[in-house]
Amino acid sequence: MKLIFLGPPGAGKGTIATRLAEDEGIPHISTGDIFRENIRNQTELGKKVKAILDSGDLVPDELTVELVKDRVAQPDAAGGFILDGFPRTVPQADALADFAPVDKVLNFVLDEEEIVRRLSGRRVHKPSGRTYHVLFAPPKVEGKDDETGEDLIIRDDDQPEAIKNRLAVYEKQTAPLIEYYNSRGLLTDIDSAPAPDEVYKAVRTELGLA
Ligand code: ADP
Ligand code: ADP
């Protein structure tokens, strides 16, 4: 099962991908998570991309493609993978078609008002990447990670100015991939508006796993 989760920031791709990856025993490959981990560990790559992520712009294609190419070549991805947040541009999609063609693209659909609501309430446990929402998926103790009790943070790119920029970047650079994959017969829309359990059920049904 080689999958792409497509859709605007905040649509809930990561939430569903984490769960599906765990249930199906395939890796969840989130380019955003990989970049953030490199920033946290202050690697060369992390230093290069920090300002880009904070602003909400895209990391250059070449760099991103190399990263994903290496990642899907790892043994744990041989039986399948979920790409979350990649590809985000047509050149990235073209590159992927050469090194790891996918079976299906799920397009998570959510209107802009709800996207902003989800992004502005998102809270993250930085070391693990665990994601919460102040209203829709609150932690047991306010502001604290359920498993470690450590502080939750607001991602720099979930600040209002960066959210605005990310939505513009999505429309311009990533939304064209909807037609790209539709015309190749790979795309299915998933309504992301319902609660996570319901969205997850719809995804499993679509994948023939229900
Ligand atoms: P993405 O990976 O697409 O950027 P996330 O999975 O990080 O999106 O979700 C964005 C925010 O919305 C998080 O705070 C998450 O807890 C919350 N969220 C995810 N799915 C839902 C849902 N179906 N209903 C309400 N809130 C959700
Ligand atoms: P979200 O799903 O909330 O938009 P991600 O975690 O997928 O956020 O991405 C965070 C940031 O990481 C993006 O705004 C961008 O700067 C960078 N990034 C992630 N994936 C890619 C990609 N495929 N190409 C270029 N930049 C990327």
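The model is predicted, so local features need pLDDT of at least 70 and side-chain atom pairs count only at pLDDT 80 or more, while totals for chains, interfaces and linings use all residues. Residues are numbered from 1 along each chain as its sequence is written, and side-chain values use heavy atoms, with hydrogens and water left out.

**Helix α6 against helix α7**

- The axes of α6 (residues 112–120) and α7 (residues 160–174) come within 11 Å and cross at roughly 135 degrees.
- That angle makes α6 oblique to α7 (under 35 degrees counts as roughly parallel, over 145 as roughly antiparallel, 65 to 115 as roughly perpendicular and the rest as oblique).
- The crossing of α6 past α7 is right-handed.
- On the α6 side, E112, I115, V116, L119 and S120 make the contact, and on the α7 side I163, R166 and L167 do (contact means heavy atoms within 4.5 Å).

**Backbone features in loops**

- The peptide bond from F86 to P87 is cis, with omega near 0 degrees.
- You will find P87 in the loop between β3 (81–84) and α5 (90–99).
- Q42 is not a glycine, yet has a positive phi of about 50 degrees.
- Q42 sits in the loop between α2 (31–40) and α3 (44–55).
- With 60% relative accessibility, Q42 counts as exposed (buried is under 20% relative accessible area, exposed over 50%, partly exposed in between, using a 1.4 Å probe and protein chains only).

Methods. Chains lettered and ligands numbered in written order. Axes fitted to C-alpha atoms, helices over the stretch in contact; angles between N-to-C directions. Helix = DSSP H or I, 4+ residues; strand = E, 2+ residues; numbered from the N terminus. Left-handed = near helix turned anticlockwise from the far one by under 90°.
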